[in-house]
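Q: I would like a close look at a single part of the structure shown below. Please describe the surroundings of the ligand.

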Amino acid sequence: MSILETERLILRPFKEGDAESMYKSWTSDSRVAEYCRWYTHENISATEYLLKMYLDEAEKGFEYRWAITLRGKDKPIGCIDIVDTEEMELGYVISYDYWNKGLMTEAVKAVIDELFRMGFDRITARHAVDNPASGRVMEKCGMKYIKNDTTNRKFGSDELCEVKCYEIKRS
Ligand SMILES: CC(C)(COP(=O)(O)OP(=O)(O)OC[C@H]1O[C@@H](n2cnc3c(N)ncnc32)[C@H](O)[C@@H]1OP(=O)(O)O)[C@@H](O)C(=O)NCCC(=O)NCCS
């Protein structure tokens, strides 16, 4: 599993002990969860369970998930991963405290480069139409809009939501 470095970030595998920072930074924050398919965690046990799932998946060879940390501070402030391996679809979150500083654009660019380096030819991403900041990240990373689609707003929910789909191909 690779460690990726950008100007301000280190993207590294998740590890034991990350749950507290994950919980404080994003899993408990409804502002972050609003346009994501998961629900906010009501307590840290839910985040510990999620972290265990991440560690188990990494142990089994899943190599497409990184904790986003600031250089010089080893605490995760966000996560970027592949949420659908057939479509090589990216998912990403970052703590509300760090929004609009260009950090996710930095992280997504680094991960796209790494996935191309690993041999993938096409990476995709999609965002809820009422979450334009995520679409802006995709555009700034060179992804191209393909189409609108409809999907479930949350896991296990029948509520539908319109999304914009993007892709980038290896040149
Ligand atoms: C979406 C998200 C990942 C963006 O991360 P970030 O680090 O703030 O992104 P960046 O700073 O690199 O870029 C954000 C861009 O969106 C723009 N933006 C912010 N709010 C916006 C809005 N309401 N409408 C349009 N653009 C907006 C910013 O101005 C910036 O663009 P600019 O550099 O051209 O000015 C972050 O807000 C987040 O984690 N949100 C919650 C989880 C989420 O929605 N994940 C994506 C699911 S598809």
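Which of the 20 residues around the ligand come nearest?

A: This is a predicted model, in which local features need pLDDT of at least 70 and side-chain atom pairs count only at pLDDT 80 or more, while totals for chains, interfaces and linings use all residues. Residues are numbered from 1 along each chain as its sequence is written.

Of the 20 residues around the ligand, the nearest are Met104, Thr105, Pro132, Ala133 and Arg136. A residue is near a molecule if its C-beta atom, placed from the backbone, lies within 6 Å of it.

Three elements, strand 5 (89–94), helix 4 (103–117) and helix 5 (132–140), each contribute at least two residues to the shell around the ligand. Helices (H or I, at least four residues) and strands (E, at least two) are DSSP runs, numbered from the N terminus. Helix 5 gives the largest share of this shell, with 5 residues.

Sorted by class, the shell contains 12 nonpolar, 6 polar and 2 charged residues. Here Ala, Val, Leu, Ile, Met, Phe, Trp, Tyr, Cys and Pro count as nonpolar, Asp, Glu, Lys and Arg as charged, and the others, Gly among them, as polar.

Elsewhere in the model, strand 6 (residues 122–128) is largely enclosed by the rest of the structure, because 5 of its 7 residues are buried. A residue is buried if 20 or more other C-beta atoms, placed from the backbone, lie within 10 Å of its own. Strand 6 runs antiparallel to strand 8 (residues 160–169), and 7 bridges join the two. Within strand 8, Glu167 is the residue opposite Thr124.

How values were computed. A residue is buried if 20 or more other C-beta atoms lie within 10 Å of its own, exposed if 12 or fewer, and partly exposed in between; C-beta atoms are placed from the backbone. Two strands pair if DSSP finds at least two bridges between them.
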